[in-house]
Amino acid sequence: MISIDATQLSDKDAYKLLIGSVVPRPIAFITTLSQEGVLNAAPFSYFSIVSSNPPMLSVSVQRKVGVMKDTARNAIESGELVIHIVDEAVVKAVNETAANLPPNESEVERAGLTPIESESIRVPGIVESKIRMECVLEKSIPLGGTDETPACDLLIARVVRAHVADDIYEDGRIDAEKLQPVSRMAGSYYSSLGKLFSIERPQ
């Protein structure tokens with residue numbers, strides 16, 4: 001095997017190593033509101049579950065040369081965000097929201113997506129998503145880089161209300177094949193659900 005000293009990698013090479021190795025990665029499609037009332041939306045694949053009691057999710061929002069992205073800034077300022085699960089039906093529109101727009105322009109409008117009012121928070125969600133979770137920001141942690149210019153903002157979001165499409169939900173379970181989730185690979189590649197198999201856990 002090739003032995004790589006991670007401490008000697010450039011930012012670019014470390015990034016390529018990680019996104020090529022940690023695959024597939026689920027995608028959090030996040031909406032937030034700016035202080036001016038602009039609905040911001042963007043996808044993030046540094047995304048996972050933190051806890052089920054209470055239900056919490058983690059999203060790492062990378063900074064650009066130490067500058068906080070709109071999603072992180074809005075979530076921190078308002079304390080609220082909506083996290084959507086990306087599926088095959090919406091992935092192309094979600095990809096459009098990755099465009100680098102100024103803070104006063106809405107990616108939702110650009111992508112032709114439909115906002116819907118949330119029930120427990122002020123930030124709207126997106127109608128087209130099969131799963132959306134209204135969240136409050138539990139904690140934000142600047143990490144990486146230096147103290148003066150962190151590399152990212154780790155957002156811990158507590159789910160306060162979930163919305164799930166009728167046809168993918170049964171007996172408290174999500175039908176993954178009906179959800180048709182999409183995950184992120186390296187470069188411009190995405191992955192669909194693919195083959196499922198089961199292995200029993202040892203007792």
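In this predicted model, Val-65 is exposed, with a relative accessible area of 77%, where exposed means over 50%, buried under 20% and partly exposed in between (1.4 Å probe, protein chains only). Val-65 has a positive phi of about 50° although it is not a glycine, and its place is the loop between E5 and H2; helices (H or I, at least four residues) and strands (E, at least two) are DSSP runs, numbered from the N terminus. Gln-180, in the loop between helix H5 (176–179) and strand E13 (183–184), likewise has a positive phi, near 55°, but is partly exposed at 32%. Most residues other than glycine have a negative phi, and most peptide bonds are trans. Cis peptide bonds join Val-23 to Pro-24, with omega about -15°, and Asn-53 to Pro-54, with omega about 0°.

Seven strands form an open sheet in the order E3-E2-E6-E9-E10-E5-E4, with antiparallel pairing, two strands being paired if DSSP finds at least two bridges between them. Strands E3 (39–44) and E4 (47–52) stand at the edges, each with a single partner strand, so one side of each is left without a neighbour in the sheet. Strand E9 (residues 131–143) and strand E10 (residues 152–164) pair in the antiparallel sense over 12 bridges, and Ser-140 has Leu-155 in E10 as its bridge partner.

Residues are numbered from 1 along each chain as its sequence is written, and side-chain values use heavy atoms, with hydrogens and water left out. Local features need pLDDT of at least 70 and side-chain atom pairs count only at pLDDT 80 or more, whereas totals for chains, interfaces and linings use all residues.
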